[in-house]
Amino acid sequence: MALRYLPLAQVTSITFASPLVVALIAGPLLGERVGWRRTVAVLVGFSGVLVVSRPGVSGMHPAALLAVVTALVNGVYIVVTRMLAAHDPPETTMFYTGLVGSVLTAPVLPFLWETPGEPSTWIGIASVGFFGALGHWLLILAHRGPQPRRWPPSPMPTCSGRCCWVS
């Protein structure tokens, strides 16, 4: 929704803050130690997000909050996926992620859904679903490795997919 009202570069820069969120919440949620150097790096990264998004005296468009919420939710999603990857098989995590996403989005579906008429649109929707599921599967497998505060997954593939879908 933020892309309807804000330039793509601004939305992208705000959502790129999700690895910073991961670095900040990995300590309290995963019990990992986040040193002062990493904290300074997170603050520098966040200042870069502020420079690009330019929240000046004139204020920011309210749609920027949607991009901020996206970054926060994505950061929490990454940490929770990391927590689940240590205990549950990937199939279980995939199932419950899909279930929770479906339950949370189903109430607004009747108000926002417009049935596509073109077969190419259906192919696009199916492709986004397939590659999104594949990306989620690979993310789950990746979280069995390094700690997220040391190597948070880049949001670039997710953003690239959104950018292609929007254009």
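**The whole protein**

Keep in mind that you are looking at a predicted model. What is the protein built from? It has nine helices and zero strands, so if you follow the chain from the N terminus, the elements read α-α-α-α-α-α-α-α-α, with a helix being a DSSP run of at least four residues. The protein has 167 residues, and 27% of them count as buried.

**Helix α5 and its partner**

Now find helix α5, which covers residues 64-85. How do helix α2 and α5 pack? Helix α2 (residues 8-15) meets α5 at an angle of about 35 degrees, and their axes are 8 Å apart. The crossing of α2 past α5 is right-handed. On the α2 side, the contact is made by Val11, Ile14 and Thr15, while α5 brings in Ala64, Ala67, Val68, Thr70 and Ala71.

**A nonpolar patch**

On the surface you can find a nonpolar patch formed by Leu29, Val76, Val80, Met83 and Leu84. Together these residues have about 360 Å² of accessible area. Which element gives the most to the patch? That is helix α5, with four residues.

| Residue | Relative accessibility | Class |
|---|---|---|
| Thr81 | 3% | buried |
| Val80 | 35% | partly exposed |
| Pro62 | 60% | exposed |

Let us start with Val80, which has its place in helix α5 and is a member of the nonpolar patch.

Is Thr81 buried or exposed? Thr81 counts as buried because its relative accessible area is 3%, and buried means under 20%. Leaving aside residues up to four places away in sequence, Thr81 touches His136, Ile140 and His143.

Finally, Pro62 sits in the loop between α4 (36-53) and α5. Pro62 is exposed, because its relative accessibility is 60% and the cut-off for exposed is over 50%. Pro62 and Ala2 are 60 residues apart along the chain, and their C-alpha atoms are separated by 8.7 Å.

Technical notes: Residues numbered from 1 in each chain as written. Predicted model: local features only at pLDDT ≥ 70, side-chain atom pairs only at ≥ 80, totals over all residues. Heavy atoms only, no water. Patch = residues over 30% accessible without salt bridge, like charges linked within 9 Å, V, L, I, M, F, W, Y side chains within 5 Å. Areas by Shrake-Rupley, 256 points an atom, 1.4 Å probe, with all protein chains shown as cover. Salt bridge = Lys/Arg side-chain N within 4 Å of Asp/Glu carboxyl O. Helix = DSSP H or I, 4+ residues; strand = E, 2+ residues; numbered from the N terminus. Buried < 20%, exposed > 50% of the residue type's maximum accessible area, 1.4 Å probe, protein only. Axes fitted to C-alpha atoms, helices over the stretch in contact; angles between N-to-C directions. Left-handed = near helix turned anticlockwise from the far one by under 90°. Contact = heavy atoms within 4.5 Å.
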